[in-house]
Amino acid sequence: MYILKTEQSFDAAHFLAGYEGKCSNIHGHRWRVVIEVKSLTLQDSKQLNGMVVDFNQLKKDLKEEVDYFEHMLIIEKNTLKTETVKALKGEGFKIVVLDFRPTAENLAKYFFNRMKIKGYKVKSAVVYETPNNCAAYEE
C-alpha cells in the first residue's frame, strides 16, 4: 500500500453551543488538516508514472478546501439567533454555517469527505485544534 500525506492549515474561530466549559465561548485555533491518500498501485502514464497522484494537485485541492474557512467564524446551524448572525454579517464578519457541531472530530470527517468527492482514495483525515490535540477520521 502506498500512502501520501499532505497538510494545510487555517485560522478560524468557533464555539461549541451547549458545551459546559470554556469552549462554549467564541475562541480561535490555528487548525491543521492532514490528509492521507492511498493506493495499491502506482500510475503508469507519462506525466504521473511512478506516482499515486500528483502532489501539486493534492496540495492545491486540500488548500482550496481549508481556505474556505480562513479567518472565519465557524458556527453550527441554528446555534445563534438569526438577528445575531445578521448583525455580525452586517458588521462585516465572515461566517461559515455548518449543519454539524464544529468539533475537530466532525471537521476531520468533513475534510475526509470533501477530498473523497474530489476523487481521492482517502485513507484518513486528521484535524489538529492545537499542536498536541487532534481528531482523525477513517472509513
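In this predicted model, the side chains of Asp67 and Lys63 meet in a salt bridge, with an N to O distance of 3.0 Å. This pair belongs to a set of ten salt bridges. The chain has 139 residues, of which 37% are buried, and it contains three helices and six strands. For three histidines, His14, His27 and His29, an unreviewed UniProt entry gives the annotation "binding site".

- Asp67 and Lys63 both belong to helix H1, which covers residues 55-67; because they are four residues apart, about one helical turn separates them.
- Asp67 is partly exposed, at 35% relative accessibility.
- Lys63 is likewise classed as partly exposed, with a value of 38%.

- Lys5 forms a salt bridge with Glu36, and their closest N and O atoms are 3.7 Å apart.
- Glu36 counts as buried, because its relative accessibility is 14% and the cut-off for a buried residue is under 20%.
- A salt bridge also joins the side chains of Arg32 and Glu7, at 2.7 Å from N to O.
- Here Arg32 is the partner in strand E2 and Glu7 the partner in strand E1, so the pair connects parts that are 25 residues apart in sequence.
- Arg32 is partly exposed at 28% relative accessibility, and Glu7 is partly exposed with a relative accessible area of 39%.
- Lys5 and Glu36 also belong to a network of salt bridges that includes Lys123 and Glu138.

**Annotated histidine site**

- The "binding site" annotation for His14, His27 and His29 comes from the unreviewed UniProt entry.
- These residues span 16 positions in sequence, yet no two of their C-alpha atoms are more than 8.3 Å apart, so the three gather at one spot.
- His14 is located in strand E1, which runs over residues 2-14.
- With a relative accessible area of 1%, His14 is buried.
- Beyond residues up to four places away in sequence, His14 touches both of the other annotated histidines, His27 and His29.
- Further contacts of His14 under that exclusion are Asn25, Ile26, Trp31, Leu73, Ile74, Pro102 and Glu129.
- His27 lies in strand E2, which comprises residues 27-39.
- When neighbours within four places in sequence are left aside, His27 is in contact with Ala12, Ala13, His14 and Phe15.

**Nonpolar surface patch**

- Met1, Ile3 and Leu40 make a nonpolar surface patch of about 350 Å².
- Within this group, Met1 is situated in the segment before E1.
- Met1 is exposed, at 61% relative accessibility.

- His71, a residue other than glycine, has a positive phi near 55°.
- The position of His71 is in the loop between H1 and strand E3, the latter covering residues 73-76.
- His71 is exposed, with a relative accessible area of 60%.
- Asn78 is not a glycine either, and its phi is positive at about 70°.
- Asn78 occupies the loop between E3 and helix H2, where H2 covers residues 82-90.
- At 71% relative accessibility, Asn78 is classed as exposed.

**Overall architecture**

- Along the sequence, the secondary structure elements follow the pattern β-β-α-β-α-β-α-β-β.
- Among contacts between residues at least 6 apart in sequence, 62% join residues at least 24 apart.
- The accessible surface of the chain is about 8700 Å², and carbon and sulfur atoms account for 49% of this area.

Technical notes
Residues are numbered from 1 along each chain as its sequence is written. This is a predicted model: local features need pLDDT of at least 70, side-chain atom pairs count only at pLDDT 80 or more; totals for chains, interfaces and linings use all residues. Side-chain values use heavy atoms; hydrogens and water are left out. UniProt positions are given in the numbering used here, feature names are shortened, and annotations may be inferred rather than shown by experiment. Helices (H or I, at least four residues) and strands (E, at least two) are DSSP runs, numbered from the N terminus. Buried means under 20% relative accessible area, exposed over 50%, partly exposed in between (1.4 Å probe, protein chains only). Contact means heavy atoms within 4.5 Å. A salt bridge is a side-chain nitrogen of Lys or Arg within 4 Å of a carboxyl oxygen of Asp or Glu. Patches are made of residues with over 30% relative accessible area and no salt bridge: like charges are joined within 9 Å, nonpolar side chains (Val, Leu, Ile, Met, Phe, Trp, Tyr) within 5 Å. Accessible areas come from the Shrake-Rupley method with a 1.4 Å probe; for residues, only the protein chains shown count as cover.
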